[in-house]
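Trainee: I'm new to this one, and I'd like a close look at a single part. Could you walk me slowly through the aromatic pairs and what surrounds them?

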Amino acid sequence: MDPLLLQELQTRLLNWLTQGYQVLADDVDGELRVTVLYVSPGTGVGSERVQEYWPMSAETAKLLNDHGIVISRALAGPRPWPGVHPEDI
């Protein structure tokens with residue numbers, strides 16, 4: 001993976017986490033769908049939502065895992081990648 005892209009993704013992720021956003025990640029047919037939610041602590045209601053698609057790679061899987069974000073495989077569908085899932089590397 002391009003180191004500049006990985007650094008950009010890491011910067012975005014850290015920015016969201018330091019602002020208190022909840023980050024979810026789904027494997028959708030071999031691509032990562034990252035959903036960012038802000039949930040108000042007072043009301044428990046989500047008020048902001050951003051969704052991005054990130055490349056599925058061992059580096060992005062490790063980045064998310066290092067920050068406690070588990071990649072859900074519920075939407076993965078058939079295995080579009082050969083071999084081991086990048087999250088398992």
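Mentor: Of its 89 residues, 33% are buried. Keep in mind that this is a predicted model. The chain has two helices and four strands, and if you read along the sequence they come in the pattern α-β-β-β-α-β. Take the contacts between residues at least 6 apart in sequence: 52% of them join residues at least 24 apart.

Now to the part you asked about. The structure holds two aromatic pairs. A pair of aromatic rings is described by two things, the distance of the centres and the angle of the planes.

Let's take Trp16 and Trp54. Their ring centres are 6.3 Å apart and their planes sit at 20 degrees; planes under 30 degrees apart count as stacked, so that's what we call this pair. Trp16 belongs to helix α1 and Trp54 to strand β3 (residues 46-54), so the pair links distant parts of the chain, 38 residues apart.

Tyr21 lies in the loop between α1 and β1 (22-28), while Tyr38 is in strand β2 (residues 31-39), so the pair ties together parts that are 17 residues apart in sequence. The two tyrosines also get separate labels for burial. Tyr21 has a relative accessible area of 15%, and because buried means under 20%, Tyr21 is buried. Tyr38 is at 25% relative accessibility, so Tyr38 counts as partly exposed.

While we're here, have a look at the helix that carries Trp16. Helix α1 (residues 3-18) has a partner in helix α2 (residues 58-66): their axes come within 11 Å and cross at roughly 20 degrees. Angles under 35 degrees count as roughly parallel, so that's how α1 runs relative to α2. The crossing of the two helices is right-handed. On the α1 side, the contact is made by Leu6, Leu9, Gln10 and Leu13, and on the α2 side by Glu59, Thr60, Leu63 and Leu64. Sorted by class, that contact has five nonpolar, two polar and one charged residues.

Conventions
Residues are numbered from 1 along each chain as its sequence is written. This is a predicted model: local features need pLDDT of at least 70, side-chain atom pairs count only at pLDDT 80 or more; totals for chains, interfaces and linings use all residues. Side-chain values use heavy atoms; hydrogens and water are left out. Axes are lines fitted to C-alpha atoms, for helices over the stretch in contact, and angles run from 0 to 180 degrees between N-to-C directions. Angles under 35 degrees count as roughly parallel, over 145 as roughly antiparallel, 65 to 115 as roughly perpendicular and the rest as oblique. A crossing is left-handed if the near helix is turned anticlockwise from the far one by less than a right angle, and right-handed if clockwise. Contact means heavy atoms within 4.5 Å. Ala, Val, Leu, Ile, Met, Phe, Trp, Tyr, Cys and Pro count as nonpolar, Asp, Glu, Lys and Arg as charged, and the others, Gly among them, as polar. Rings of Phe, Tyr and Trp (its six-membered ring) pair if their centres lie within 6.5 Å; planes under 30 degrees apart count as stacked, over 60 as edge-to-face and the rest as tilted. Buried means under 20% relative accessible area, exposed over 50%, partly exposed in between (1.4 Å probe, protein chains only).
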